[in-house]
Amino acid sequence: MKRYSPEGATPAMAQWFALKAENPEALLFFRMGDFYELFFDDATAAAAALDIALTARGTHAGEPISMCGVPVAAAPAYLARLIRRGFRVAVAEQTEAPRKGKGAAKGPLARAVVRVVTPGTLTEDELLEPGRSNLLLALVEGPASTGRGRKGKGAEKAQKVQADTPLGAAWIDVSTGLFETASVTQASLAGLLGRLDPAEILAPADLALGDFDACRAPEVLVPGVEAARQRLASAFDVASVDAFGTFSDEEAMAAAVAVDYVQRSQAGKLPRLTHPTPQTDGGILGIDPATRASLDLLRARDGGMEHTLFSAVNQTVTAAGARLMAEWLSAPLTDVVRIAARQDGWCWLRDSTSCRTALREALKKAPDVARALGRLSLGRGQPRDLSAIRDALHAARAAAAALGDVSRLPPYLSKAAASLGGAQELEAELVRALAEDLPARLDDGGVIAAGYDGELDGYRGLRDNSRRVVAGLQTEYASRYGVASLKIKHHAQLGYVIEVPVGASSRMKDRDDLMFRQGTASNARFSTEELAGLDARIAEAAERAAAREKAVFNALVDAVLAEQTLPVLAKALAVLDVQQSCAMLAAGGSWCRPDVTDDTAFDLQACRHPVVESALPKGTRFTPNGCDLSPNRRVMLLTGPNMAGKSTFLRQTALAVILAQGGFPVAAEKATIGVVDQLFSRVGASDDLARGRSTFMVEMTETAAILNQAGPRSLVVVDEIGRGTATLDGLAIAWSVLEALHSTVRCRAIFATHFHELADLVDTLPRLAPHTMAVREWRGQIVFLHEVLVGSAKKSWGVHVARLAGVPASVVDRAGRLLKELEREHATGPKPLPLFDTQKILPHEEENTLRKRLSEVDPDTLTPRAALDILYELHKQAVQEEGSPVQG
């Protein structure tokens, strides 16, 4: 931005320069009357982003001052557009009221920045998605690494954050008060970012954020460990932050950074936050960003929310319930006890139809308590926020009545139900205090019900009686001056005036009891001493009524914020909403309660893809399939043509794990799933031109991540490894990756491929189970049955798929002839290369492979089962090498 000197500026523009200097990174919304004005480069940027007119007024330093503006009443809509385009906005308001008479101040009214609007600090409903959390995430390197030098030659290498560098993470949702922390490493950071999907990230400049780099905020100062702990303790008015749990040094530093940033964005005011809660990833299923993108959990690959797992299973009726459901889907559990507790709750509701129906109806009337509390705590609450608290308390009582006797409920439901009975006195107070028809804004008046506050009623009576006096005066003046069309109106600058048509004004201008005030083309305006006095009395009564109403409103807000049971009640309503949503889903009969166990069992019967099924035209049936990855057949090799349903099968298996471990019903007849600790899904790949990576490079990078991170309790579903390079290279890579998954990683896996040669590995990989997609040929056409069968594909159907895709017939016919010729050559040609003949893999002439294999074994670390497997392997290798002398 071009720097302008404030020298020679008008008093109002001098204010602008001072406030802009305090917030150089933000656009400055400068309040002037009923508009927020923007000047200089701010105006140019905002006008382009908002598609509004850019004008100029006056000059500064010999140049026109560019400017644009937006109405204060419409500001939230414009703010939303600017935030979506990556801007930050500082809002400057008048901080003193205009004074009249002798004590009136000269010059512009005082102004100050009352708020900095950033993506991670939003509170208004107009700027937020109701069913999605809006998180600010702070990341801080551990204290041992924050002091390293960052300047001079060789600094770039030193700046790289190592994979094992401890990182403190703290995230806050200003709109709901959520505040949590965690300690992670650079290696596990991607998984945390994918799970949280933060709107804004505070992080060191040298910390790689991958796909979330666009969310990076300007770098901020990081306090020392002791200063950070003191800052947190002070913010929550406790002697030590350890009162809330055990926080690592880096967690405390990150939490302090987040709190400071939020407080600065709110002009020094800290919103209502829950105390910081340390989290661990030990009880959460690991899902990296690539897997999340592949499975369309909360957002589809086009950025929308329509064709996602969330949209397919969501039957919540409240915004808070939708947010909690999204949280459960983003962070499935690995603790079978917690999973079973969630399942017990919705199973009880599924079997209690009348209770479920009554609960759902009660929850439909529950507003968003958490976000209402967030706005009230920041002083930005409006009448609707108080009414939201009142109505939510009504809904809580109705929900408790629907659930009935708490003792008969399963623990998960009874705990939530027990939290619905609080704040009864507050509810009664709000019912008495709030008017039946509330205005949108407090300044509009009429928020507090008549009869609640005697002083307010008195001011209102004086104000309203004066208005009746005005109506009487209008009748009297019309008769006195002989002008039937005479009106008494209120003018913003002139106060109450007599307004008459121009034709009638000539006989009124010479009267001693009238003062001419203003003329227009059609009307003339006069005043009297009586009207002037009345105007003062009405204005004073109206001002006193407005001031008293604001005082009563603020007292109610204080009472709401002092009620400690409200956040717990809000969470209980959200939990019940998710539980009834699960019950509604399961009540249809086509969803089951999965049996989640603490072993490595895995058996899905008649499983379906919930997103694909929900998108099918009405009356179209989804073809279900089973999936058995039990320990003795834990790796499935899946072959078959494109369009036959391999990708759908892979994804539905992964989604079944997410649903089961999230505590949700699963789209299957029956499901048994041993807890998965990490889930990897690589279905469909694309290039990453922005980072200079080809499709094959992306594929290999993701494959490396799987092989380096997956373990025996993981689930891996991959599609067409090796497709992005030459056929022999691709086959070799796919072969070795499949062997690694089977014998080294030893995980449960589905390996989809077009390399039919891999089916021969069944003879050497004992836990490999070949399956294929069923295809039927009918009169030269292929029919995809979308069924998974035991066995392997006998032929490729690529030419047939090309015909279905609309490739010109001449090209398809030519391809068919070439394919037959190639198949003949393959059948009569030389024997397969040793690489592809699993029974004839020979060692190099000088290499003793038995000795080499034994040297790689550490007997002290082997389990009896692993030792037996190695013995069988060496025996088989010795048989294969018979006739080849042992080197030594």
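## The chain at a glance

The chain runs to 888 residues, and 46% of them count as buried. Its fold takes in 29 helices and 26 strands. Take the contacts with a separation of 6 or more: 69% of them join residues 24 or more positions apart.

## How confident is the prediction?

Mean pLDDT for the chain comes out at 86, and 86% of the residues reach 70 or more.

Two stretches deserve a mention here. Over residues 147-159 pLDDT stays under 50, and the model gives this stretch 13 contacts beyond four places in sequence. Residues 687-692 also stay under 50, with eight contacts beyond four places in sequence.

## Helix 11

Helix 11 covers residues 319-330, and its end C-alpha atoms sit 17 Å apart. That agrees with expectation, because twelve residues at 1.5 Å a residue should span 16 Å.

This helix is mostly covered, with ten of its twelve residues buried. The buried set includes Ala320, Gly321, Ala322 and Arg323, along with Leu324, Met325 and Ala326. Towards the end of the list come Trp328, Leu329 and Ser330, also buried.

## Cysteines

How many disulfides are there? The count comes to zero, going by pairs of cysteine sulfur atoms within 2.5 Å.

Cys68 has 3% relative accessibility, so it counts as buried, the cut-off being under 20%. Cys747 is at 0% and therefore counts as buried too.

Notes:
Residues numbered from 1 in each chain as written. Predicted model: local features only at pLDDT ≥ 70, side-chain atom pairs only at ≥ 80, totals over all residues. Heavy atoms only, no water. Helix = DSSP H or I, 4+ residues; strand = E, 2+ residues; numbered from the N terminus. Expected span 1.5 Å × (residues − 1). Buried < 20%, exposed > 50% of the residue type's maximum accessible area, 1.4 Å probe, protein only. pLDDT = per-residue confidence, 0-100. Contact = heavy atoms within 4.5 Å.
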